[in-house]
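Reader: Let us go through this model briskly. Please start with the terms.

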2 protein chains.
Amino acid sequence: MSERSDDNREERPRLSRERVLRAAVAVADAGGIDSLTIRSLSQSLGVKPMSVYYYVASKDEILDGIVDLVFSEIELPTAGGEWRTEIRRRADSARRVLRAHPWAIGLMESRTSPGPATLRHHDAVIATLRTAGFSPELTAHAYALLDSYTYGFALQEVGLPFDGSDTVADVAEPIMERFSTGEYPHLVEMATDYYLQPGYDFGDEFAWGLNLILDALTTPAASATRHPSADRDREGSARQE
Amino acid sequence: MSERSDDNREERPRLSRERVLRAAVAVADAGGIDSLTIRSLSQSLGVKPMSVYYYVASKDEILDGIVDLVFSEIELPTAGGEWRTEIRRRADSARRVLRAHPWAIGLMESRTSPGPATLRHHDAVIATLRTAGFSPELTAHAYALLDSYTYGFALQEVGLPFDGSDTVADVAEPIMERFSTGEYPHLVEMATDYYLQPGYDFGDEFAWGLNLILDALTTPAASATRHPSADRDREGSARQE
DNA sequence: AGTGCTTTCGTACTTTGTACTGTACCGTCC
DNA sequence: GGACGGTACAGTACAAAGTACGAAAGCACT
């Protein structure tokens, strides 16, 4: 896009809303969401601060925009495919994406107006479940459950002090030492006996829980519009695998 | 500089770290986390801005502190009781607390150093599960699952545009109209046929999903250290029982 | 009275978001 | 062809934010 036409002077638009938002994501990825200021953003774009305001109305709009941009990175499930596979694929993708952009989760809380990618995403998941034969009611239940789990897991993951480079041990060890076995005995026991064992990866828990949820959703008890109140332990009937 | 001040000024400590943090929670509850500034906080305490810095080192420390304060509001499960009841109680409590302090979820992402209340909380939950006979492995699985679900649900709940005062319909209706049935057919269908029906309360989904998880955890398949059936599996994971 | 500790306040510096204004270039219409 | 408006940036400026620095005011000892 260099030798377009015209003369020596180049006045092609350097910016665009798209480019502004992508740059904002890059800045946030690199230095955290706090490092994303209008000035740092504009500098990464090679323009002066106020120039970005030609493409976005406010910083809040940038924040809304990058949340939606992150959502657009999540793989959509394909309606019609084997629903467990599709749902698992999108859940895995969501987790991966949210790990790549940890700041996005914190933003989700404050941004209440969903963007187009977010809506498209919801639509695709609903379509997958409905096409697989879920009733509207069960779809609502399942969607709330799956999304809660996925986002919640991501939330916990980014809340962990380490960032994937090392195992839990490297960071947890010094913390654990401080209250050796006095104050939080069970926590310390679990940590030393399990979390801090070599090879443990918290991320692996994701698949375990997701499988449990998917299996439970295929159970007759789930389809049978369970009621939250009265059923405690009348179970054992719910197995088929 | 100025001549003098009041003579009968009593100089007993008006503040304390505790009071500062509680006031910070109150300010955040009232006007959102953005409204919590050193100046607004100090004003609500009746002192000048810099005075609060005698009790906290920085605003970040305040944020860490109020997150832990919120955690301390969550009911602890009692180890030894019927574990489903205890876990349900603490999950319900967590959801209630996080709804009362919606800003806390957004903070959890950025605050990586857990406070004493947070640790005590973890300890109590682990104790409950272990006492109920869960193996360390299953405890880890179950805890990750339950926490992910609980926080994730809360995250979704506070992300909703309405704040509990009204039904979903009031806020979703105008949004839905904009793309009547064109772009997001399944989403619109679900919304009109289900979410927007009178009497629907998203919060009710919480109990449904929680029951499904609790039931699934009592299933033999869960206890039997399930493996991601059709997934890439890690080698060397501890297996016992 | 002097010394030191605790608690609060005043001042000032820096970084932030952004309102207002300016400017260079383009195309369009009379 | 000249006035006009639109486009895409830049410059200046200000208010609000966090907070470093240190003074001041009271108390508790000597």
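Author: A salt bridge is a side-chain nitrogen of Lys or Arg within 4 Å of a carboxyl oxygen of Asp or Glu. This is a predicted model: local features need pLDDT of at least 70, side-chain atom pairs count only at pLDDT 80 or more, and totals for chains, interfaces and linings use all residues. Side-chain values use heavy atoms, without hydrogens and water.

Reader: How many salt bridges are there between chain A and chain B?

Author: One salt bridge joins the side chains of A:Arg130 and B:Glu189, at 3.3 Å, N to O. The count between chain A and chain B is two.

Reader: Which helix gives the largest share of the side of chain A that touches chain B?

Author: Contact means heavy atoms within 4.5 Å. By that rule 71 residues of chain A meet 70 residues of chain B. The largest share of chain A's side, 19 residues, comes from α7(A).

Reader: How much area do chain A and chain B bury between them?

Author: Buried area is the accessible area (1.4 Å probe) that two parts lose on being put together, summed over both. Carbon and sulfur atoms carry 65% of it. The total is about 6300 Å².

Reader: Which residue just after α6(B) takes a positive phi?

Author: The phi is about 100°. The residue is B:Gly133.

Key:
Residues numbered from 1 in each chain as written. Chains lettered and ligands numbered in written order. Helix = DSSP H or I, 4+ residues; strand = E, 2+ residues; numbered from the N terminus.
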